[in-house]
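Q: I want to learn how to read local features in a model. Can we take them one at a time?

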Amino acid sequence: MRRSISRFACALTALTATMTAAAAQYPNQIIKIVSPAPPGGSTDIVARLIQPGLQETLKQTVIVESRGGAGGYLGSEYVSRAAPDGYTLLLGGAFVTITATLQKKPSYNPRTDLIPVAIFASVPNMLVAGPRLKANSVAEVIAEAKASPGKLNIGSNGTGTTLHLSGELFKLRTGTSIVHIAYRGWADCVAGTVNGEVDMMFDNLSTALPNIAAGKLRPLAVAAPTRHRSLPDVPTLSELGVKDAEVISWFGIMAPAKTPQSVIDTLNKSFKTISENPDFQRLVNQQGMDATFYNEAEAQKFWNSEIDKWDNVIKAAGIAAQ
């Protein structure tokens, strides 16, 4: 028995030494950023914005791999199970803190299976209307929804996504009954709203801007504490009397749990450098987003607050687990 224990201890020591050595040499192979959303949406856009900067600061090839599905759950699950060596990273956001909650038997726990490394971009969600909606303001939407419960509907890119929960939060705060219509993805939902299949939707401001500029969608309100520089004439929900309904979509990098601290520190330093680069800030701003930076400690605190927030909304709205 003592020999077995001794052999195990020696093997564990050797493994630890190997991992420590590998961490010290980080990075010495291709780094993969997993985007858990289909191409074209904000998540994919941010992944491709961060890729060249990370490649430059780490002096290593960085690729972006799209693994969309289940509102971001599939890609997040994939990274949570990856080797904790810093070579498989997740471009995540609020949806990562939501999707596991919506599973009856989740295969990963966002609090314990993923580490938020840094947050570096954010964008508010906003309520936009298509040609089918006759109401011209949030006040008119609320009045019509209360006068005829269930008459109006609101689209989203899937149950449990931040766009869906933005709508649920809006309904909770306004005491209205509006039917939720879930599409397969963001592009389908936008097309449905533009074509008049649904009345309205919440969208990231950055991805809504082109359709607003083209006159295909009408902006009703921004779900942020203050008006956004890209649409200074569009009021916030708070200004319109809908309090505590802010939803800021944020974007950052997560790593599998047990990733060595030295690797996390290296990544965090790189993301800080990237976030302070004027060219990166300009590109982010051009997308209608805001360049931000939360280090590991700040990101962890914010991460936990987001999990708590959306858990409460899911329970209050009575959203069933999948």
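This is a predicted model: local features need pLDDT of at least 70, side-chain atom pairs count only at pLDDT 80 or more; totals for chains, interfaces and linings use all residues.

Q: Is Lys32 buried or exposed?
A: Buried means under 20% relative accessible area, exposed over 50%, partly exposed in between (1.4 Å probe, protein chains only). Lys32 has a relative accessible area of 16%, so Lys32 is buried. Lys32 sits in strand β1 (residues 31–35). Helices (H or I, at least four residues) and strands (E, at least two) are DSSP runs, numbered from the N terminus.

Q: Which side chain does Lys32 join in a polar contact?
A: A polar contact is a pair of N or O atoms within 3.5 Å; within protein, one must be able to donate a hydrogen and the other to accept it, and residues adjacent in sequence count only if both atoms are side-chain atoms. Here the partner is Tyr78, at 2.8 Å.

Q: Which residues does Lys32 touch?
A: Contact means heavy atoms within 4.5 Å. Leaving out residues up to four places away in sequence, Lys32 touches Ile63, Glu65, Tyr78, Tyr87, Thr88 and Leu89.

Q: How do the axes of α2 and α10 cross?
A: Axes are lines fitted to C-alpha atoms, for helices over the stretch in contact, and angles run from 0 to 180 degrees between N-to-C directions. The axes of α2 (residues 42–58) and α10 (residues 261–275) come within 9 Å and cross at roughly 120°. Angles under 35 degrees count as roughly parallel, over 145 as roughly antiparallel, 65 to 115 as roughly perpendicular and the rest as oblique. The two helices are therefore oblique to each other.

Q: Which residues of α2 and α10 meet?
A: From α2 come Ile50, Gly53, Leu54, Thr57 and Leu58; from α10 come Thr266, Leu267, Ser270, Phe271, Thr273 and Ile274. By class, that contact has six nonpolar, five polar and no charged residues. Ala, Val, Leu, Ile, Met, Phe, Trp, Tyr, Cys and Pro count as nonpolar, Asp, Glu, Lys and Arg as charged, and the others, Gly among them, as polar.

Q: At what angle do α7 and α12 pack?
A: Helix α7 (residues 162–174) packs on helix α12 (residues 296–317) at about 65°, with axes 10 Å apart. Their contact divides into eight nonpolar, no polar and one charged.

How values were computed
Residues are numbered from 1 along each chain as its sequence is written. Side-chain values use heavy atoms; hydrogens and water are left out.
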